[in-house]
Amino acid sequence: MDVKPMFNRVLIANRGEIACRIIRACRELGIESVAVYSQADKDALHVQLADHAVCIGPAASKDSYLNVENILSAAVTTGAQAIHPGFGFLSENAKFAKMCAECQITFIGPSSEVISQMGDKAEARKQMIAANVPVIPGSDDIVPTVEEGIELAKRIGFPLLIKAVAGGGGKGIRRVESVEEFEHQFVTARQEALQAFGNADVYMERIIYPAKHIEIQILADQHGNVVHLGERDCSLQRKNQKIIEEAPSPSLSSQLRRDMGEAAVRAAKAVGYQNAGTIEFLVDEDKHFYFMEMNTRIQVEHPITEMITNVDLVQQQIKIAAGEELPFTQEDISFSGHAIECRLNAENPFEGFRPSPGKVTFLHQPVGGMGVRIESALYTGYQIPPFYDSMLTKLIAHGKTREEAILRMKRMLFELVVEGVDTNQEFVEDLLDSSAFKRGDYTTAYVESEFLKHWNQPKEN
């Protein structure tokens, strides 16, 4: 395959810290960047950092960051040769990827066919079974009716999950404890799925709980080369939303780590995957692992993988999309030290994690020192709009050991000051200081089943 020339100009179909991250990667590659923004984001940092900026609509996501026609029009008007979707919004939208191709604009990600295949969770299960990748026991296909669901549920066993085939972000998921509540949860899951994704189809899985949520980062080029870059432990979650991630996982054996990495590569090859992707697994108490889903995009927590591998995943995404071959093999990938990421959100944990948009009246971010990284779109005076995800900043700490990384992250959180809006900073600090985190034996059940039961009152000064 002939290698395409590197792009001259890339449009970033996103906002916030990930848009800034992609713009910086482009600048380091000598590529001009095009920011798109809603009317609510006219003063956003990504707009100021980019070489070019185009307003694509009103504040609502459906009218701007999900407005395919306006985004493609901006790309054509500015002469962008490629579009990087970041995460969220259109990043896993197969129709958008297909429309990019039809407009002869490179979509920086996998093909629309692969996005469709892996975005359909029931179809993804079939693909993984065929590739000899362990999957969670459950339905082999979509579950069309309540009656068929109840019969299948009796065979799978309770408790179980009803999940949207087009799901993501914790939407369209319902836990079922018994036959008696099955119909209500089934109907509710379908309604949520239809509202969130425009697709009411659901499938079922046995609950692996408590569990470790482990994801494997892969890179795959257009020449058939696939490598994995180790795992990330994303088990500290609240309502299926990650809070703290670390790499490598403190609880995997060398053999389990190797088996999961090989399974992830096998999975990517089986579907003809290209670009960056993540295979997500659940690991049960007996250390058996099961495929959960594949994210066909860059992940929020990608920086911790970059810190321990010294591989720039976003730059590799762009190079792969331009037709370049991976510059390394699996044997070339090495891991150094330990990295932790904490997500800072505009929310009030003392009031049920109520979102807290508003003006940042003062900001001090803990830059400086070894092994410190911040991915942020904040600045003093920035007006956080109420229309989008509440994540503000990602703090990343790297150390030679896990203990060193933890101490470094604590130092960063100690120095961080965000005034004018409520944040989850104190909640993250306390979670980082919890005994379960220190031991590294926490699971997906920990935050909601244990930690929050004892963390419900503000501390005295």
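Trainee: In which helix is Q48 found?

Mentor: This is a predicted model, in which local features need pLDDT of at least 70 and side-chain atom pairs count only at pLDDT 80 or more, while totals for chains, interfaces and linings use all residues. Residues are numbered from 1 along each chain as its sequence is written, and side-chain values use heavy atoms, with hydrogens and water left out. Helices (H or I, at least four residues) and strands (E, at least two) are DSSP runs, numbered from the N terminus. By that assignment, the helix that holds Q48 spans residues 45–49 and is α2.

Trainee: Which backbone oxygen does the side chain of Q48 reach?

Mentor: Contact means heavy atoms within 4.5 Å. Leaving aside residues up to four places away in sequence, Q48 touches D43 and Y379. A polar contact is a pair of N or O atoms within 3.5 Å, where, within protein, one must be able to donate a hydrogen and the other to accept it, and residues adjacent in sequence count only if both atoms are side-chain atoms. At 2.9 Å, the side chain of Q48 reaches the backbone oxygen of D43.

Trainee: Which residue is the bridge partner of S38 in β3?

Mentor: Two strands pair if DSSP finds at least two bridges between them. An open sheet of five strands with parallel pairing has the order β3-β2-β1-β4-β5, and its edge strands, each pairing on one side only, are β3 (52–57) and β5 (106–107). Strand β2 (residues 32–38) pairs with β3 in the parallel sense over five bridges. In β3, the partner of S38 is G57.

Trainee: What is the order of the open sheet of eight strands, and by how many degrees are its neighbouring strands turned on average?

Mentor: The pairing in this sheet is antiparallel, and the order is β13-β12-β9-β10-β11-β14-β21-β19. Its edge strands are β13 (289–295) and β19 (372–376), each of which pairs on one side only. Axes are lines fitted to C-alpha atoms, for helices over the stretch in contact, and angles run from 0 to 180 degrees between N-to-C directions.

Trainee: At about what angle does helix α1 run to β19?

Mentor: Helix α1 (residues 16–28) packs on the eight-stranded sheet. The helix touches β19 and β21 (391–399), and its direction makes with that of β19 an angle of about 115 degrees.

Trainee: What area is buried between domain 2 and domain 3?

Mentor: Domain bounds come from an automatic or database domain assignment, which gives domain 2 as 146–206 and domain 3 as 212–456. Carbon and sulfur atoms give 30% of the total, which is about 320 Å².

Technical notes:
Buried area = accessible area lost by both parts, 1.4 Å probe.
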